[in-house]
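Please look over the structure shown below before reading on. The notes that follow take up charged pairs and strand pairing in turn.

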Amino acid sequence: MSGLRDHKKNYIRSGGVQGHIIDLREMNGPYVATHCLIRYIGRKSGRTRITPLFYGCIGGEIILVASFLGSEKHPKWYLNLLESDTIDFQIATQAFRGTWREAEGKEREKLWTFMVDNMPSYSDYQQKTERRFPIIVVQGQEAIPVFTEADLA
């Protein structure tokens with residue numbers, strides 16, 4: 001987990017110049033993977049939280065999978081997201097505020113296939129649990145300043 005914390009800090013401290021593209025071979029992922037940062041408010045703490053996540057992009061929409069490495073529980077970022085209609089996200093050196101929705105039905109199946117093709121370890125994670133991973137579709141609405149270390153306080 002300390003590697004993920006370092007990754008997040010480097011991403012933020014560099015203004016997104018570093019951290020967008022990373023090597024995930026140690027986690028059974030691809031050599032080159034794209035990461036975004038999402039920022040949200042903790043539903044219990046009320047504190048600002050930032051989480052780095054692998055993402056896909058289709059038709060200008062950002063695709064996120066709430067896999068939590070195959071845990072039986074949903075990731076905290078997803079549970080917190082359920083409490084808000086909006087999400088802040090940063091991709092490399094650009095940040096946005098947007099809306100989100102959970103994909104369902106045929107759309108979900110199409111997006112699941114796309115995400116597994118890009119991150120095969122999602123299939124491995126799904127085999128570890130009965131839980132169906134939520135797939136989140138994010139649509140950027142407005143540009144905002146990139147995330148800063150002040151957001152981590």
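In this predicted model, Asp151 and Arg39 are both buried, and the two form a salt bridge in which the closest N and O atoms are 2.9 Å apart. Asp151 lies in the segment after β8 (135-144) whereas Arg39 belongs to strand β2, so this pair ties together parts that are 112 residues apart in sequence.

**Salt bridges**

- The structure holds eight salt bridges, and a network of them links Arg39, Asp88, Arg97 and Asp151.
- Arg132 counts as partly exposed at 47% relative accessibility, as does Glu109 at 39%.

**Strand β2 and its partners**

- Seven of the nine residues of strand β2 (residues 33-41) are buried, so the strand is largely enclosed by the rest of the structure.
- Strand β1 (residues 21-22) runs antiparallel to β2 and is joined to it by two bridges, with Ile21 partnering Thr34.
- β2 also pairs in the antiparallel sense with strand β3 (residues 48-54) over seven bridges, and Tyr40 has Arg49 as its bridge partner in β3.
- In the hairpin of β2 and β3, six residues lie between the strands, and Gly46 takes a positive phi near 75°.
- Four bridges pair β2 with strand β6 (residues 86-91), again in the antiparallel sense, and Cys36 is partnered there by Ile91.

Technical notes
Residues are numbered from 1 along each chain as its sequence is written. This is a predicted model: local features need pLDDT of at least 70, side-chain atom pairs count only at pLDDT 80 or more; totals for chains, interfaces and linings use all residues. Side-chain values use heavy atoms; hydrogens and water are left out. Buried means under 20% relative accessible area, exposed over 50%, partly exposed in between (1.4 Å probe, protein chains only). Two strands pair if DSSP finds at least two bridges between them. A salt bridge is a side-chain nitrogen of Lys or Arg within 4 Å of a carboxyl oxygen of Asp or Glu.
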